[in-house]
Amino acid sequence: MPQSLSSILIHLVFSTKNRELFIPPALAPELQPYIASILRALKSPSLAVDGTDDHVHILFSLGRTITVADVVEEFKTGSSKWIKTKGSEFNNFHWQKGYGAFSIGQSNVPELKPYIRSQKEHHRRVTFQDEYRKFLHRYGIEYDERYVWD
């Protein structure tokens, strides 16, 4: 076969270390395009990016020759270094070690994009922990404390 095709959509969710409030609203307009640029460089383009002051949601198309773990590692490393250049208040910035990566069917994209883009409003009513437990339930994953990271 001369060419290969891959169409795998991933909803990635992860938090700042210890869910510290490290992502102020003023940083978000710069952070979102920076995240998108990292993903583009990994040939895993983003479809939606947003979050709150303690976590991020990303919908992206997984590149054909890279694993989810490699995307996350590259993203966390690059974005951590970038965030730390934004001022001394970010010197101790770190992402959590874990993450949640959920496969998404193409038919779910029109519902998921606005959900990701409305994170700030959504989290006025629902905690990140409760939101994440809902994802686990939706995907038939039994709750385990290991899945709610520190």
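A word on the source. This is a predicted model, where local features need pLDDT of at least 70 and side-chain atom pairs count only at pLDDT 80 or more, while totals for chains, interfaces and linings use all residues. Residues are numbered from 1 along each chain as its sequence is written, and side-chain values use heavy atoms, with hydrogens and water left out.

Fold to begin with. Along the sequence the order reads β-α-β-β-α-β-α-α-α.

Now the overall dimensions. The C-alpha trace spans about 50 × 35 × 25 Å along its principal axes. The radius of gyration is 15 Å, which agrees with the value near 15 Å for a compact globule of 150 residues. That radius is taken over C-alpha atoms, and the globule rule is 2.2 Å times the number of residues to the power 0.38. Of the 150 residues, 44% count as buried. Buried means under 20% relative accessible area, exposed means over 50%, and partly exposed is in between, with a 1.4 Å probe and protein chains only. Next, contacts, meaning heavy atoms within 4.5 Å. Among those between residues at least 6 apart in sequence, 70% join residues at least 24 apart.

On to charges. How many salt bridges does a search of the whole structure find? Five. The cut-off is a side-chain nitrogen of Lys or Arg within 4 Å of a carboxyl oxygen of Asp or Glu.

Look at Asp130 and Arg133. Their side chains meet in a salt bridge at 3.2 Å, N to O. Both sit in helix α5, residues 128-138, three residues apart, or about one turn of the helix. Asp130 is partly exposed at 44%, and Arg133 is partly exposed at 34%. Elsewhere, shared partners join Glu121, Arg124 and Arg125 into one network of salt bridges. Glu121 pairs with Arg124, the closest N and O atoms being 2.3 Å apart. Glu121 also pairs with Arg125, at 3.5 Å. Glu121 is partly exposed at 40%. Arg124 is exposed at 64%, and Arg125 is exposed at 58%.

Last topic: pockets. Rolling a probe the size of a water molecule over the atoms shows where empty space is left. On a 1 Å grid over the protein atoms alone, with a 1.4 Å probe, a pocket is an open set of points with protein on both sides within 12 Å along at least five of seven lines; lining residues have an atom within 4 Å of a point. Points are joined across faces, edges and corners, and volume is the space filled by probe spheres set on them.

The largest pocket holds about 280 Å³. Its lining has 16 residues, with Glu111, Leu112, Tyr115, Phe135 and Arg138 nearest the centre. Which element gives the largest share of this lining? Helix α5, with four residues. By type, the lining has seven nonpolar, five polar and four charged residues. Here Ala, Val, Leu, Ile, Met, Phe, Trp, Tyr, Cys and Pro are nonpolar, Asp, Glu, Lys and Arg are charged, and the others, Gly among them, are polar.

The second largest pocket has about 180 Å³. Of its 15 lining residues, Ile23, Gly51, Thr52, Asp53 and Lys120 lie nearest its centre. Here α1 gives the largest share, four residues.

Definitions and conventions:
Helices (H or I, at least four residues) and strands (E, at least two) are DSSP runs, numbered from the N terminus.
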